[in-house]
Every structure is written in C-alpha cells, then in structure tokens.
Amino acid sequence: MANANNSNGQEQTNGNNKDLNTKREDYLEWKDYFMSVAFLSAQRSKDPSTQVGACIVNDENKIVGIGYNGMPNGCHDDELPWSRTGDWLDTKYPYVCHAEMNAIMNKNCSSVSGCRIFVALFPCNECAKLIIQSGIKEVFYMSDKHKDRDYMIASRKLLDLAGVKYQQHIPKQRKIVIDFDSINERHPKKP
Ligand SMILES: Nc1nc(=O)n([C@H]2C[C@H](O)[C@@H](COP(=O)(O)O)O2)cc1CO
Ligand SMILES: [Zn+2]
C-alpha cells in the first residue's frame, strides 16, 4: 500500500519506509511471541552447548511461567560441571534443571493446569512427567532433533498416554532481531 499523505501532503514514513498511518501488519503473532520469549530466556543459560528456554501460557494468552536450563538454586554453577562427556557424575546431566522444570517451578499462579508450554527442544521423559503432573495440556516445540533417542521415545509414549498434545511450532518469522537502538529512531515531525 502506498504511504498516506499528511495534511501537508507529505508522506508519513519512517526511515525504513514503513507506513506510519496504518496499523502494523508485521507484528509478532501470539505463538511466535511466546516462542520468542522462550528463546530470549534461553539466553540466560550458562550451558555451553545447548541453551533451552520455556514459556508457559494460560488460555488468556498470559505468560504464567518462564525458565531456562541451569543448575539448581543454591548450587553454585561454578562448583558443578558443565561438560557433556566423562564419568556421569562429572558431567552436567545429573545436576542441571531443564527449562521446562524451571518454567513450571517458577509459575506465578497457583496452577498451570490447562496451560500450553512453548519450549525450544522437545521435552525429555523426565520433563514429560512434570508436564503431565502439572496439568499442562499442550506442548509447542521448535526442534525434536533428538527424537530417535530412547528418552524421547519414552517421552512421547507418556505424553500420548496422558493425552498431552504436542506440535512443532513453525514460526512465521524465522529470525527476530532485538535492536535496542531502534527506540531512538526519530519519525518525521508531526504537522
Ligand atoms: N527439552 C530439553 N530441555 C532442556 O532444558 N535441556 C537441557 C539440558 C542440558 O542442559 C542441555 C542439553 O545439553 P546437550 O546434551 O545438548 O549438551 O539442554 C534439554 C532438553 C532436551 O531434552
Ligand atoms: Zn527435560
């Protein structure tokens, strides 16, 4: 659509030639927004190989819990291993709390029953148990890159039996950039 003119007949656009008189169409849709919140939260993770975020949403599209993978509260993350290989006790695996667990534990309401969870990676079997027991009804994930592993097969088995739905989220926008400087952008002077 052409840019509308203001009363002086001047076009109202910003520096990127966006129409400043018409409702934005490229705003984040809800599910992309919740998945983005999960991905942003993952940026808090200190895991050197895989940063995972999760975001729990109620049926009013309100976010009620956010989490990322990290060591348990009070367990200093410099005193626990972050490696993936070696003796099990010397790896991160026995210690790290998964993003889904943290999102559920961080809930800001009494119950997440009936909620949806948005998570970067498909939940493992342990998180599937937590999801089921907390009453979460639907999982949206970005990747199931470990889908052939036994713990993922077990996870799907549990979710299926419990009637928890799951689906891969295909975002409308593949990349979202946060530009802190954009807020300083100046628009043309009002007439
Ligand atoms: N759904 C998940 N939520 C998570 O928070 N994680 C975390 C656990 C580890 O901290 C990390 C996986 O590490 P790695 O095996 O890719 O180096 O991601 C992993 C999965 C996948 O099962
Ligand atoms: Zn897990």
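**From a buried aspartate to a zinc site**

Let's start with a side-chain pair: aspartate 47 and lysine 92 make a polar contact through their side chains at 2.9 Å (a polar contact is a pair of N or O atoms within 3.5 Å; within protein, one must be able to donate a hydrogen and the other to accept it, and residues adjacent in sequence count only if both atoms are side-chain atoms). This is a predicted model, where local features need pLDDT of at least 70 and side-chain atom pairs count only at pLDDT 80 or more, while totals for chains, interfaces and linings use all residues. Residues are numbered from 1 along each chain as its sequence is written, chains are lettered from A and ligands numbered from 1 in the order in which they are written, and side-chain values use heavy atoms, with hydrogens and water left out.

Aspartate 47 sits in the loop between H1 and S1 (helices are DSSP runs of H or I with at least four residues, strands runs of E with at least two, numbered from the N terminus). Its relative accessible area is 5%, so aspartate 47 is buried (buried means under 20% relative accessible area, exposed over 50%, partly exposed in between, with a 1.4 Å probe and protein chains only). Setting aside neighbours within four places in sequence, aspartate 47 is in contact with Asn69, Trp82 and Lys92 (contact means heavy atoms within 4.5 Å).

Lys92 also turns up around ligand 1: 17 residues surround this ligand, and the closest are Ser49, Thr50, Arg84, Lys92 and Tyr93 (the cut-off is a heavy atom within 4 Å). Taken alone, ligand 1 exposes 510 Å², and the protein buries 93% of that (Shrake-Rupley areas with a 1.4 Å probe; for residues, only the protein chains shown count as cover).

Now for the metal. His98 (ND1), Cys124 (SG) and Cys127 (SG) coordinate the zinc ion, ligand 2, at 2.0 to 2.3 Å (donors are N, O and S atoms within 2.8 Å of the metal, or 3.2 Å for Na, K and Ca; water is not among the atoms, so sites may look incomplete). Histidine 98 lies in the loop between S2 and helix H2 (99-105) and cysteine 124 in the loop between S3 and helix H3 (125-134), so the pair ties together parts 26 residues apart in sequence. Histidine 98 is partly exposed, at 32% relative accessible area, whereas cysteine 124 is buried, at 9%.
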